[in-house]
Structure formats: C-alpha cells, structure tokens
Amino acid sequence: MSEKEITMSEVAEHNKQDDCWLVIGNDKTGGPKVYDVTDYLDDHPGGAEVLLDVGGQDADEFFEDIGHSKDARDELKKILVGTLKLDEAELNRRAEAARIAAERGAGGMNMMVIFFAIIAIVAAYYKTQISPFHNRYVATANKSTLTNSGESENILMASSSREPSNLNSIRILIFDGS
C-alpha cells in the first residue's frame with residue numbers, strides 16, 4: 001500500500017494548535033513527508049511554540065539544523081500522515097529554496113573567513129604593539145641615601161624582562177626637611 005500524497009497547499013491549511021502538520025524530509029532522508037504534530041505539541045522538548053511557528057510549512061531545514069536524535073526521527077514514524085506531492089510548482093519552490101540556502105551558506109563561509117582574518121589582525125597587533133608595553137617592564141623601588149650630598153632619594157629602577165642587561169633608572173629626590 002502506497003502512502004497518501006498530500007499537496008503543500010493542503011499542508012498549509014493545518015497551521016493551528018488544534019490541527020498542526022509539518023513537512024520534514026529531503027532527498028537525502030527519503031523525501032519530504034507530512035507529519036501531524038498536533039498531539040505531540042505538549043511533549044516536544046523545545047515547546048509547542050517551536051512547532052507552531054513552522055506549522056503548515058516545510059520544516060525540514062529547521063529540523064535538520066537542530067540535529068535531532070535517532071529517537072526523534074523514530075517518533076516521526078508514529079505521526080506520519082503521508083508524503084508530500086512533488087508537483088511542478090513544489091519542485092520549483094524547492095529548487096529556489098536550495099539555491100538561496102546555498103548562497104546563504106556561501107555568504108556565511110565568507111563571513112567566517114573575514115571574522116578569523118580580523119581576529120588574526122587583532123592578535124598580531126596586540127602581540128607587536130600592546131603586549132610589549134604591557135608586559136615588558138617590571139618596576140622595583142629602592143631607597144638609598146647619597147653620601148656626598150646628604151639628601152635622601154628614592155630610586156625607581158625599571159628593567160626589561162626580555163632584556164635584563166638594559167637597566168633604566170629614574171631618580172626622584174625626596175627632601176626629608178632637615
């Protein structure tokens with residue numbers, strides 16, 4: 001016995017909470033099939049609203065994007081109504097949808113390349129421009145007294161952690177008031 005063939009316009013009439021059908025399936029998964037999810041709305045882990053948003057429509061892309069488990073796919077078998085009738089209009093609609101999805105997918109890949117290029121540029125800038133100034137100098141303060149002038153002074157010495165032989169010092173004279 002062959003499955004009942006259902007048109008997309010018939011599926012579109014079933015888009016309410018008390019009567020909700022979806023189309024799920026594609027060429028890779030055995031073709032588009034029509035499912036009555038009305039009794040499953042309250043049991044759906046993502047909530048009824050997720051199914052109602054695509055009620056009366058082709059929900060295959062959403063179903064596949066989520067990555068449903070084998071159990072979810074087995075559950076579909078229990079609520080199968082029939083197969084989607086692939087007339088000329090439906091075949092054209094599916095071809096157009098596939099073309100748009102391919103363009104979107106290609107655009108997404110371009111955006112990923114741009115994103116990673118920006119990340120690489122920022123990382124290189126940080127490594128060469130910000131990091132050396134941020135991490136290069138370790139400051140220590142030493143207090144000493146100069147014997148020839150009798151003045152007390154603090155000496156702040158900064159040495160490069162990458163070049164320990166390069167020692168710079170800044171003298172800050174502090175008069176003790178005597």
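Reply: One definition before the strands: two strands count as paired if DSSP finds at least two bridges between them. By that rule β3 and β4 are paired, with four bridges joining them in an antiparallel run. Keep in mind that this is a predicted model.

Me: Where does the parallel pairing come in?

Reply: Between β1 (residues 5–6) and β5 (residues 80–84), over two bridges. I6 has L84 in β5 as its bridge partner.

Me: And which way do β4 and β5 pair, parallel or antiparallel?

Reply: Antiparallel, over three bridges, with β4 covering residues 33–36. Y35 has L80 of β5 as its bridge partner, while V34 stands opposite G82 in β5.

Me: Those two are next to each other in the strand. Which way would side chains point in a case like that?

Reply: As a general rule, side chains in a regular strand alternate between the two faces of the sheet.

Me: What about the other end, how many residues sit between β2 and β3 in the hairpin?

Reply: Two residues. On to the next pairing, W21 stands opposite D36 in β4.

Me: Is β3 largely enclosed or open, and why?

Reply: Largely enclosed by the rest of the structure, because five of the six residues of β3 (residues 19–24) are buried.

Me: Switching topic: how many salt bridges does a search of the whole structure find?

Reply: Seven. One of them joins the side chains of R93 and D58, at 3.3 Å from N to O. R93 is in helix α5 and D58 in the loop between α2 (48–53) and α3 (60–66), so the pair ties together parts 35 residues apart in sequence.

Me: What else does R93 meet in a salt bridge?

Reply: E90, at 2.6 Å from N to O. R93 and E90 are three residues apart in α5, about one helical turn. Together D58, E90 and R93 are linked in a salt-bridge network.

Me: Is E90 buried or exposed?

Reply: Buried, at 5% relative accessibility. R93 counts as partly exposed, at 35%.

Me: And which residue does D74 pair with in a salt bridge?

Reply: K77, with the closest N and O atoms 3.6 Å apart. D74 and K77 are three residues apart in helix α4 (residues 70–78), again about one helical turn. D74 is partly exposed at 26% relative accessible area, and K77 is exposed at 63%.

Me: Last one: which residues make the nonpolar surface patch?

Reply: M111, I114, I118 and V122, making a patch of about 390 Å². V122 is found in α5, which runs over residues 88–135.

Conventions: Residues numbered from 1 in each chain as written. Predicted model: local features only at pLDDT ≥ 70, side-chain atom pairs only at ≥ 80, totals over all residues. Heavy atoms only, no water. Patch = residues over 30% accessible without salt bridge, like charges linked within 9 Å, V, L, I, M, F, W, Y side chains within 5 Å. Areas by Shrake-Rupley, 256 points an atom, 1.4 Å probe, with all protein chains shown as cover. Salt bridge = Lys/Arg side-chain N within 4 Å of Asp/Glu carboxyl O. Buried < 20%, exposed > 50% of the residue type's maximum accessible area, 1.4 Å probe, protein only.
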